[in-house]
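This report describes selected local features of one protein chain. Please consult the sequence and structure shown here alongside the text.

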Amino acid sequence: MVRGGSMRRPSLALAAVSEPAAPEFTLSADDYRLMEEVGFGANAVVYRAIFLPANRTIAVKCLDLDRINSNLVRQELSLFPSLCSPIFQFFFAH
């Protein structure tokens with residue numbers, strides 16, 4: 001009992017339930033929605049896309065593997081380590 005004769009009720013602690021954080025990227029093509037084309041080159045097309053789990057706008061570069069030779073692919077892939085940044089994410093599909 002507390003002062004005044006009333007019973008103290010146990011306090012109810014409410015924990016905030018938050019949504020799990022969206023992943024930075026996934027390997028599932030179903031998690032990406034390609035929108036309009038924003039650029040192109042001899043061997044690739046760049047699209048504005050939505051990364052659906054995070055509802056985030058991103059750019060997706062699609063290499064045309066039928067049109068480029070393996071040396072160009074190797075050259076492009078060799079640049080990736082120098083592009084280590086949160087704004088660059090790489091998705092490989094075959």
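## Thr26 and its polar contact

A polar contact is a pair of N or O atoms within 3.5 Å, of which, within protein, one must be able to donate a hydrogen and the other to accept it. In this predicted model, the side chains of Thr26 and Asp31 form such a contact at 2.6 Å.

Thr26 lies in the segment that precedes strand 1 (32–40). Its relative accessible area is 16%; because buried means under 20%, Thr26 is classed as buried.

## The largest nonpolar core

The largest nonpolar core has five residues: Tyr32, Ala49, Phe51, Ile58 and Val60. At least two residues of this core come from strand 2 (44–51), and at least two from strand 3 (56–63). In soluble globular proteins, nonpolar side chains tend to be buried together.

Leaving aside residues up to four places away in sequence, Phe51 touches the core members Tyr32 and Ile58. The contacts of Phe51 also include Thr26 and Asp31, the two residues joined by the polar contact described above. Pro23, Glu24, Phe25 and Arg56 are likewise touched by Phe51.

## Lys61, an annotated position

UniProt lists Lys61 under "binding site", in an unreviewed entry.

Not counting residues up to four places away in sequence, Lys61 is in contact with Ala44, Val45, Val46 and Glu76.

Key
Residues numbered from 1 in each chain as written. Predicted model: local features only at pLDDT ≥ 70, side-chain atom pairs only at ≥ 80, totals over all residues. Heavy atoms only, no water. Core = buried A, V, L, I, M, F, W, Y, C linked by side-chain atoms within 4.5 Å. Buried < 20%, exposed > 50% of the residue type's maximum accessible area, 1.4 Å probe, protein only. Helix = DSSP H or I, 4+ residues; strand = E, 2+ residues; numbered from the N terminus. Contact = heavy atoms within 4.5 Å. UniProt positions renumbered as here; feature names shortened; annotations may be inferred.
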